[in-house]
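I opened a new notebook page for this one. Here is what I looked up, in the order I went through it.

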Amino acid sequence: MIKQPAHIENIPAYKPGKSTVDGWDGPVYKLSSNENPYPPLPSVIQAITNAASTMHRYPNMAAPELTAALAKRLNVKDSEIAFGTGSVEVAGQLIRAFAGHGDEVIYAWRSFEAYPILVRGAGATPVEVPLTADHRHDLPAMLAAITPATKVIFICTPNNPTGTAVGHDELREFLSQVPSHILVVIDEAYVHFQNDPKAARGIELYREFENVAVLHTFSKAYGLAALRLGYTVARPDVMEGLAKVALPFGVTDIAQAAGVASLAAEPELQERIDVLLQERDKLEAYLATTVWDVPLSQANFVWLAAGEETDSLQAHLMSRGIIGRAFSGTGIRISIGSPEANLALIDALDSYSRS
């Protein structure tokens, strides 16, 4: 029998969101994966179609067209951008490159559920700092958790799964107190849905602090989840480490072409984002009239802190064709879907009888 090493054996496998509901014959709304409910724009589909004709060739690892378009969009150098198969894979690269056995990686908890998997997979030690009572990052506690073994800190803002955003000024103050040899990764997978002017702006902080890297993805707002395209903005010393652990040819030419087309179509995509934000406002207005503890979200999902009722509420929603992302004993993350899906969610919540 082939035995897994100890640091791998105890890692829980990542579980994707469900997409089917047994015993329900009505419409099913998958609101468990924070996907964009709208299909790709015609211009993006055309770019994908064109790129498919050369799939017999390996992709260009430098992604020159996409790199140039993003560098212009973000006002950074081409050399400050590195891609991966989704921002989660780039997060894994950052951990593998800068933390290993005996090292510690700090992050808030609950936060993105892949963090502990990625950290343990690299052989490093996860340090989970509980969120505050209002479901936000406890930055003072995260500072207090720093030890000589700390190598990387993740700040997920807006935070997955609670949707809360770290304030710009408070994050700036936090960064000013983090030792400069520790890499701080600002994970902004949901930043395109952020409309609070006081929320953290990762790229601005990256310009100010040399130990900051920023993660972005094309999966959410741009609607390219199936193509797996994410990137980091980081400085040369970080890029040197990433180059050693990155998966060769991981980002396909098809994904690169879709990324370029999506950046060119940002005004159209923003219209869709605006619709999702309007739907988020409507859903939050409804939730404010209920008994549920729901923090205001800066992402494309809401967090129902259902506590001990999580499992029963999830079962009820599933019985009505609503698939959320439940974390037993804690809460349910529910993506903002189409108007029809959101109305179905409200109807399902209205019909739930608390125990």
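I started with E266, which sits in helix α11, residues 266–287. Keep in mind that this is a predicted model. I checked its cover: E266 has 19% relative accessibility, so it counts as buried, the cut-off being under 20%. Leaving out residues up to four places away in sequence, I found E266 touching R73 and Y222.

Next I looked for holes. The search of the whole structure gave me 1 cavity of 30 Å³ or more. The volume of the largest cavity is about 50 Å³. It is lined by 13 residues, and P40, L41, Y222, L269 and R272 are the closest to its centre.

Then salt bridges: I got 9 from a search of the whole structure. I picked out a few.

- R136 and E170 meet through their side chains, N to O at 2.5 Å. R136 is in the loop between β4 (125–130) and α6 (139–144), while E170 is in helix α7 (residues 168–177), so this pair ties together parts 34 residues apart in sequence. R136 is partly exposed at 25% relative accessible area, and E170 is partly exposed at 30%.
- K30 pairs with E35, with 3.3 Å between the closest N and O atoms.
- R96 pairs with E89 at 3.9 Å between the closest N and O atoms. Here R96 is partly exposed at 39% relative accessibility, but E89 is buried at 16%.

Last, I went to the surface. Y58, M61 and F249 make a nonpolar patch there, together about 390 Å² of accessible area. I placed F249 in the loop between α9 (236–245) and α10 (253–264).

Notes
Residues are numbered from 1 along each chain as its sequence is written. This is a predicted model: local features need pLDDT of at least 70, side-chain atom pairs count only at pLDDT 80 or more; totals for chains, interfaces and linings use all residues. Side-chain values use heavy atoms; hydrogens and water are left out. Patches are made of residues with over 30% relative accessible area and no salt bridge: like charges are joined within 9 Å, nonpolar side chains (Val, Leu, Ile, Met, Phe, Trp, Tyr) within 5 Å. Accessible areas come from the Shrake-Rupley method with a 1.4 Å probe; for residues, only the protein chains shown count as cover. A salt bridge is a side-chain nitrogen of Lys or Arg within 4 Å of a carboxyl oxygen of Asp or Glu. Helices (H or I, at least four residues) and strands (E, at least two) are DSSP runs, numbered from the N terminus. Buried means under 20% relative accessible area, exposed over 50%, partly exposed in between (1.4 Å probe, protein chains only). Contact means heavy atoms within 4.5 Å. On a 1 Å grid over the protein atoms alone, a cavity is a set of points where a 1.4 Å probe fits but cannot get out, and a pocket is an open set with protein on both sides within 12 Å along at least five of seven lines; lining residues have an atom within 4 Å of a point. Grid points are joined across faces, edges and corners, and a volume is the space filled by probe spheres set on the points.
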